Amino acid sequence: MEKYEQYLSDNAEDDERLAAAQVLEGLAGLRLESKLREVAAEEAAQHRRTLWRRLLFTLAALAFLAAVAYWFFSKNEATPSVPPIEKQAPSSPSPTKKQTPEQNKLEKPRENPPIAQIKAKEEVVVPPDPIFPTFALQDELIPEPLHAAPDLVATRGQGEANAALKALLDQLWYVTYPLQGLDISEAFPSVDENLKKRDFTAAYLELEQLSSTQAANDTLHYLKGYCLLQTGEGQEALLHFAQVQGRQLDWEPQLQWYRSLAMLLADKRSEAIALFNVIAANAGHPYRRQARKALKLLQ
């Protein structure tokens, strides 16, 4: 290399010197590029080694935390909580009777029945009716009716069916006056007085006279139906109730209950049960408890 440089400085021409300078410059660039590649490769390798060390450290930390958590929870599950044992005074042996080892082996500890079984015995399950669904009822505290039902034996004869229906209606005869949402004390004072005295026949005759002098209206139909219901004429009462059904919202809850009783009087048991179910399913109905009682008695 020294001879080559001496030749260029002494004997070489200008073209040769220029070419040599270019060659040397290229060689220097190649050496610099090679050096840069080596440095970049070394830095990449160092970066990969750093990443692997961080990854391994992270995995080791996670594994350690998982092991600690598993050990902690497994220890809590494996250690049941034992209630403190109360100290009891030693019981003195009974002087009257001693048990032999054979008797102790034969005797079994007395077990108390589970609370769920006790509750199951106390609950009464009522099977549903596939046609007219009823309700599984518990005994409800509901007052008895103030008045008895009409005397069906006197009006229909001495029959077992009439006596049974009378006994049933006596428990369901929640029929009161004045009627809800209706005040006739000023319009029909004489009728109002007879109804308060429970003289339903006289009140009905007066209503018949009023019907001959004025057009039939909702009030007359409702009052006639009420008088017929109180005298045991269920079918005729239903005819008048049908004229006002759904027309007066204030009357409707009580009218539904009176219609169900009139259906029982008219031997329309299935229709009465269907209406009782409608009333009992309405949580805000004023005769809901009475309807539930009726369904229970009709099962």
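Reader: Does Leu 275 count as buried or exposed?

Author: Leu 275 counts as buried, because its relative accessibility is 10%. Buried means under 20% relative accessible area, exposed means over 50%, and partly exposed is in between, with a 1.4 Å probe and protein chains only. This is a predicted model, in which local features need pLDDT of at least 70, side-chain atom pairs count only at pLDDT 80 or more, and totals for chains, interfaces and linings use all residues. Residues are numbered from 1 along each chain as its sequence is written, and side-chain values use heavy atoms, with hydrogens and water left out.

Reader: Ok. Which helix does Leu 275 lie in?

Author: Leu 275 is part of helix α12, residues 269-281. Helices (H or I, at least four residues) and strands (E, at least two) are DSSP runs, numbered from the N terminus.

Reader: And what is Leu 275 in contact with, leaving aside neighbours within four places in sequence?

Author: With those neighbours left out, Leu 275 contacts Gln 256, Arg 259, Ser 260 and Met 263. Contact here is heavy atoms within 4.5 Å. Also, 9.8 Å separates the C-alpha atoms of Leu 275 and Leu 261, which are 14 residues apart along the chain.

Reader: Zooming out, how many helices and strands does the protein chain have?

Author: There are 13 helices and zero strands in the protein chain.

Reader: How much of the chain do buried residues make up?

Author: Of the 299 residues in the protein chain, 27% are buried. Its accessible surface comes to about 21800 Å², and carbon and sulfur atoms account for 57% of that. Those areas come from the Shrake-Rupley method with a 1.4 Å probe; for residues, only the protein chains shown count as cover.

Reader: What share of contacts between residues at least 6 apart in sequence join residues at least 24 apart?

Author: In the protein chain, 58% of them do.

Reader: Helix pairs next. At what angle do α10 and α11 pack?

Author: Helix α10 (residues 234-244) and helix α11 (residues 252-265) pack at about 155°, and their axes are 8 Å apart. That angle is why α10 counts as roughly antiparallel to α11. Under 35 degrees is roughly parallel, over 145 roughly antiparallel, 65 to 115 roughly perpendicular, and the rest oblique. Axes are lines fitted to C-alpha atoms, for helices over the stretch in contact, with angles from 0 to 180 degrees between N-to-C directions.

Reader: Which residues make that contact between α10 and α11?

Author: From α10 they are Gly 234, Ala 237, Leu 238, Phe 241 and Val 244. From α11 they are Glu 252, Leu 255, Tyr 258, Arg 259, Ala 262, Met 263 and Leu 265. By type, nine residues of this contact are nonpolar, one is polar and two are charged. Ala, Val, Leu, Ile, Met, Phe, Trp, Tyr, Cys and Pro count as nonpolar, Asp, Glu, Lys and Arg as charged, and the others, Gly among them, as polar.

Reader: What about α7 and α8, at what angle do they cross?

Author: The axes of α7 (residues 189-196) and α8 (residues 200-213) cross at roughly 160° and come within 8 Å. So α7 is roughly antiparallel to α8. Ser 190, Val 191, Asn 194 and Leu 195 of α7 meet Phe 200, Ala 202, Ala 203, Glu 206, Leu 207 and Leu 210 of α8. Seven residues of this contact are nonpolar, two are polar and one is charged.

Reader: What about the loop between α7 and α8, which residue lies there?

Author: Arg 198 lies there. Its phi is near 65°, a positive value in a residue other than glycine. Arg 198 counts as partly exposed because its relative accessibility is 31%.

Reader: And Asp 267, where is it found?

Author: Asp 267 is in the loop between α11 and α12. Asp 267 is not a glycine either, yet has a positive phi of about 60°. At 61% relative accessibility, Asp 267 counts as exposed.

Reader: Which residues does a cis peptide bond join?

Author: Tyr 177 and Pro 178, with omega about 5°. Pro 178 sits in the loop between α6 and α7.

Reader: Last one: what do the buried residues of α13 pack against?

Author: They pack against α6, α11 and α12. Helix α13 covers residues 288-297, and its buried residues include Gln 290, Ala 291, Arg 292, Lys 293, Ala 294 and Leu 295.
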